[in-house]
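Thanks for coming, everyone. Have a look at it first.

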Amino acid sequence: MNNFIIIEVGSTNTKTYLYEEKLKDLGTITIEFRNNYKLNKRIVESDLEKLYEHIESLKKYNYPIYVFGTSIFRNLDNLERGKFLKEFKDATNLEFTIVTPEMETELTVYGVVSKIDYPGKIAVMIGGSASTELSIVENKKIIETSHNNYGVMDVCNRFPDINEETATSLLEDMVNDTLDMTNIPDNKADILVLAGGDYLTFYETLNYPLKVNRFYLDPKQHWYMDSLTMDEYNEDFFYHKSLLEVQNDNMENRSLWSGTARGMRICICAITKAVNAKYIIPTRISMVYGIIEKIKNN
């Protein structure tokens, strides 16, 4: 039996998965690699200790552990990268694979399109703390990519009022400002798939009106909503719902309902406009699906 554990170490969230013939999400922990790097101009030891402790806690499974890092780790210079990789190997006896934006896009898009049958173009957005990747796919192949050097944290820093109980900046202005920073693709798509995060929890908890996917069959992409309705519900989330109220209703995952949730809404709206999408498909698909295939094949 080909069983193993995959850890995705991001700028802020570290996600862990168990693969035992099928995928099981072992949860997410918060390690503020990006913010602490900005403050200290280096990866701080306390963040590494949290990661090492997390890895140690997973050894009870007695399965191989594969560790992949994105975002902040890509930006390390050669000296920093070499020092970090050596220290990580010495501390854990594991390899740390730094995933390039191109690798992350390829792996995540694979998880979206590999098992579906759709005749038209599909846009896939991969949202993150520090970057937003966009791919246009046709016949299961990426035909155009757009790397955007902004993410949720950048949007939150540009519009700090969205971190307050209710926002004051106009949503349309914030979306257009973010759209101005977006590399607009030449190709357009009616369908925008949201990948690289837990978008379903957001939609389900705030009761966005989801409908059964009528475009193609895939249990990982079971729901959709139209972009006009999404805009209406976004307005409510920004100006009528208190963040504290939402957080109190979601004690088990309070971090998801900080101001960063509004920041992600702005990124999604900007990308929706960039590709002229009419329909939004929220998913929990990440690059882990592509990673699984690579591990199994190797």
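One definition to begin: the expected span of a helix is 1.5 Å times one less than its number of residues. Helices here are DSSP runs of H or I with at least four residues, strands are runs of E with at least two, and both are numbered from the N terminus. Now the ground rules. This is a predicted model, so local features need pLDDT of at least 70 and side-chain atom pairs count only at pLDDT 80 or more, while totals for chains, interfaces and linings use all residues. Residues are numbered from 1 along each chain as its sequence is written, and side-chain values use heavy atoms, with hydrogens and water left out.

Start with helix α8, residues 227-239. It has 13 residues. From first C-alpha to last it reaches 19 Å, close to the expected 18 Å. Which residues of α8 are buried? S227, T229, M230, N234, F237 and F238. Buried means under 20% relative accessible area, exposed means over 50%, and partly exposed is in between, with a 1.4 Å probe and protein chains only. What do those buried residues pack against? The partners are α6 (171-180), α7 (199-205), β11 (223-226), α9 (243-248), α10 and β12 (279-282). Contact means heavy atoms within 4.5 Å.

The N-terminal end of α8 has a cap, D226. A side-chain oxygen of D226 lies 3.2 Å from the backbone nitrogen of L228. For polar contacts, the rule is a pair of N or O atoms within 3.5 Å; within protein, one must be able to donate a hydrogen and the other to accept it, and residues adjacent in sequence count only if both atoms are side-chain atoms.

Next, the cores. A nonpolar core is a set of buried Ala, Val, Leu, Ile, Met, Phe, Trp, Tyr and Cys residues joined through side-chain atoms within 4.5 Å. The largest one has 43 residues. L192 and Y203 have the most contacts inside it. Helix α10, residues 260-275, gives this core its largest share, ten residues. Another core lies apart from it, with 23 residues, including I7, F33, Y37 and L48.

Back to Y203. Its neighbours within four places in sequence are set aside here. Y203 then touches L194, Y208, L210, M225, M230, R265, I280 and P282. M230 is also one of the buried residues of α8.

Now charges. A salt bridge is a side-chain nitrogen of Lys or Arg within 4 Å of a carboxyl oxygen of Asp or Glu. The structure holds twelve of them. One joins K121 and E138, at 4.0 Å from N to O. K121 sits in the loop between α4 (101-113) and β6 (122-127) and E138 in strand β7 (residues 132-138), so the pair ties together parts 17 residues apart in sequence. K121 is partly exposed at 26%, and E138 is partly exposed at 27%.

K220 pairs with D218 at 3.5 Å. K220 is partly exposed at 23%, whereas D218 is buried at 7%. D236 and K241 meet at 3.7 Å. D198, E204 and R284 form a network of salt bridges.

C156 is buried, at 3%. For C269, the nearest is again that of C267, at 9.4 Å. C269 is buried too, at 6%.

Key:
Disulfide = S-S within 2.5 Å.
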